[in-house]
Amino acid sequence: MSGVILSSKELSVGYGKKVVVSGLAFEVSRGEVLTIIGPNGAGKSTILRSIAAQLPAISGTVSIAENDLAAMSAHDIAQKLSVCFTERITAERMTCEDVVSTGRHPYTGRLGILSDKDRKVVHEAMELTGTMYLADTDIRCISDGQRQTVMLGRAIAQQPEVLVLDEPTSFLDINNKLRLLSILRELARSRGIAVVQTLHELDLAQRFSDKLLCIRENKADRIGTPEEIFTGAYISELYSITSGTFEPVYATAEAPKVSGEPQVFVIGGGGSGIDTYRRLQRQGIPFAAGVIHENDIEYPVAGSLAAELITEKAFEPISSESVQKALAVMKKCREVICCVNEFGTMNMGNKKLLEEYERYSKV
Amino acid sequence: MSRKRAIRWTICFVSLVLLAAVSFVLELVIGSADISVSDVFSALTGNNSDKAAVTIVRDIRLPRSLAAALLGGALSVSGFLLQSYFNNPIAGPYVLGISSGAKLTVALAMMFTMKYGILLNSAEMVGAAFVGSMLSMGAILLLSGRVRNMAQLIIAGVMIGYICSALTELTVTFADDANIVNLHNWSMGSFSGISMDNVKVIAVIVLAATAAAFMLSKPMCAYQLGESYAKNTGVDLKLFRTALILLSSILSACVTAFAGPVSFVGIAVPHLVRSAFGTSKPIVIIPASFIGGAVFCLVCDLIARMLFAPVELSISTVTAVFGAPVVIMAMLSRRNQKGSV
């Protein structure tokens with residue numbers, strides 16, 4: 001179940017003569033999940049449409065199992081590749097089972113009558129997506145999350161080798177997002193299906209993809225594993241993040257920092273200060289924080305939000321140098337908030353800091 | 001579930017066929033001339049000695065009944081094809097102005113040839129109607145690329161219909177006195193005056209086109225989910241769309257050529273059939289619409305003939321009374337998207 005199933009060479013995609021993205025080259029192996037990320041309007045959906053043979057490539061090739069897509073018949077493509085889009089379904093009086101059944105069309109005869117085997121495949125697809133209970137329900141009467149899983153069921157019933165999904169998690173709540181992406185992972189693992197999708201949720205893209213293709217300014221900017229992509233300031237550059245910051249390890253975003261002379265000093269550590277940092281940010285109060293170890297869980301949040309941050313090297317006790325530095329900042333603040341209840345061995349410096357400040361403020 | 005559905009569909013199909021049979025017999029039996037049921041049957045089988053009765057049954061009532069049935073079926077299927085094409089349940093050959101386009105070209109052709117004393121044969125009438133259908137259809141297709149929603153497209157269709165009707169009226173106004181009555185009757189819509197020879201042509205065209213439409217059931221089903229999904233299941237969109245347009249135009253052209261414009265059947269019948277069968281699967285709805293359309297037009301023709309006998313109403317008058325409310329229902333069910341199966 002290994003080996004490259006989908007590949008592209010020198011691919012340029014777009015509408016008519018207007019090139020949207022050019023110079024695409026990538027390979028997806030069986031059982032692999034490739035997620036395309038990038039800012040709005042970068043051309044992610046256009047790439048997907050070309051991969052799915054919905055839109056002819058302007059130049060270059062897309063190949064499935066070494067067959068050029070442009071040379072394959074619609075019928076052959078249908079047996080190898082299926083799609084899942086987010087557009088609303090307006091079909092009247094179609095039950096969810098009817099919808100999933102259309103996935104069998106590439107395998108049925110002229111009139112599309114299902115055989116027992118087809119019916120079995122349809123039921124399997126519905127069970128896999130957990131939509132069996134919707135079988136007799138009108139497709140227009142279900143929620144967005146349900147519809148999305150039904151449409152995934154349709155795509156699965158087509159028994160594809162490549163599954164192409166355009167923003168499959170849009171409009172879904174977090175539970176449904178996780179469920180849908182887990183199904184995709186499971187499909188990739190158990191059936192060796194190659195999954196190509198676009199996602200806007202970077203945290204999910206990071207956790208559910210084998211490879212990420214980053215599109216920026218009409219080009220494939222980078223392609224690599226999540227570890228390679230979610231590193232340093234790359235994501236911030238990719239999306240040109242200007243208001244706020246993006247933390248690559250957990251793939252989370254923070255609101256923009258309130259700059260200026262710190263008015264409040266927060267003694268935090270071990271995650272205790274995070275809520276306070278965010279509250280002060282919301283209230284628009286510039287603050288300083290310290291002393292935070294560089295490996296502290298709240299270090300990224302403090303770094304993103306604090307106007308001034310006093311830090312200590314990872315795994316080292318807090319030095320008196322750092323304490324003095326923090327104290328100097330503290331003395332300029334009108335208020336000090338200590339979020340730590342118990343100071344541990346490595347954190348003794350912060351205890352000292354608090355004591356020194358209390359002595360200072362009494363004077 | 002499929003068991004429940006199978007039972008529902010069987011009941012619906014059997015009822016439709018029975019209704020068709022009953023309305024067909026009624027259409028043969030009921031009329032201004034009093035002919036008994038047994039006399040009608042003997043006339044049909046050729047064992048009746050009453051010459052007047054034989055003529056009435058075989059030359060007037062039988063072709064009329066057959067035409068009503070076939071053309072009613074053709075209208076419904078044509079409507080269903082258009083609804084599939086535009087993905088909208090209130091599309092139909094009448095509201096989109098396609099019937100009126102056909103009416104105009106047929107009137108023009110008739111006027112022109114009558115001047116030279118030539119009478120158009122059936123095939124030529126259908127040909128003229130087809131040209132008109134395609135002209136209106138072309139206008140609608142051009143507009144459909146520009147208008148933003150279906151409501152606007154329907155309004156555009158109705159307007160095209162008005163323009164064509166006005167031009168037809170104009171044509172009729174300048175017709176010779178002798179032709180006016182005929183032309184006027186026809187342009188209002190009627191199943192009268194259709195000969196057995198006409199019926200043969202109608203049967204060939206309508207049955208062939210309906211069979212062809214039936215063969216498109218599978219791509220039509222995929223198309224109901226939208227273009228992308230249809231394409232993904234291997235449908236050649238260009239070919240498929242062209243086939244839909246041609247078939248629906250041929251069917252409605254055939255109706256207009258022989259019976260003039262008949263209103264609302266194309267929307268009302270598919271809507272009723274979809275509701276009764278609880279599905280929109282073309283493989284079920286195409287044959288069901290055909291039979292349903294036959295029943296609808298047979299009954300409406302019966303009413304048109306008998307309600308104020310001997311004065312005959314135009315068929316559109318009756319189909320509008322029964323059909324238009326159904327169209328409104330269809331529109332409302334579209335509005336609250338959450339219809340049930």
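Analyst: Helices H3(B) and H12(B) are roughly perpendicular to each other, a term that covers angles of 65 to 115 degrees, where under 35 counts as roughly parallel, over 145 as roughly antiparallel and the rest as oblique. The axes of H3 (residues 51–86) and H12 (residues 265–277) of chain B come within 7 Å and cross at roughly 80 degrees. Axes here are lines fitted to C-alpha atoms, for helices over the stretch in contact, with angles running from 0 to 180 degrees between N-to-C directions. Helices (H or I, at least four residues) and strands (E, at least two) are DSSP runs numbered from the N terminus.

The contact is made on the H3(B) side by B:Gly72, B:Leu75, B:Ser76, B:Ser78, B:Gly79, B:Phe80 and B:Gln83, and on the H12(B) side by B:Val265, B:Gly266, B:Ile267, B:Val269 and B:Pro270. Two residues are in contact if their C-beta atoms, placed from the backbone, lie within 7 Å. By class, this contact has six nonpolar, six polar and no charged residues; Ala, Val, Leu, Ile, Met, Phe, Trp, Tyr, Cys and Pro count as nonpolar, Asp, Glu, Lys and Arg as charged, and the others, Gly among them, as polar.

The model is predicted: local features require pLDDT of at least 70 and side-chain atom pairs count only at pLDDT 80 or more, while totals for chains, interfaces and linings use all residues. Residues are numbered from 1 along each chain as its sequence is written, and chains are lettered from A and ligands numbered from 1 in the order in which they are written.

H3(B) also packs against H2 (residues 37–45) of chain B, with axes that come within 9 Å and cross at roughly 75 degrees. H2(B) and H3(B) are therefore roughly perpendicular to each other. In this packing, B:Asp39, B:Val40, B:Ala43 and B:Leu44 of H2(B) meet B:Ala53, B:Val54, B:Val57 and B:Arg58 of H3(B). The class count for this contact is six nonpolar, no polar and two charged residues.

Leaving aside residues up to four places away in sequence, B:Ile245 touches B:Tyr85 and B:Met137. The C-alpha atoms of B:Ile245 and B:Tyr85 are separated by 7.8 Å, although the two residues are 160 residues apart along the chain.

Buried residues make up 50% of chain B. Among its contacts between residues at least 6 apart in sequence, 77% join residues at least 24 apart.

Chain A has 13 helices and 16 strands. Its radius of gyration is 26 Å, whereas a compact globule of 363 residues would have one near 21 Å. Between the two chains, 30 residues of chain A are in contact with 29 residues of chain B.

Note on methods
Buried ≥ 20, exposed ≤ 12 C-beta atoms within 10 Å, placed from the backbone. Rg over C-alpha atoms; globule rule 2.2 N^0.38 Å.
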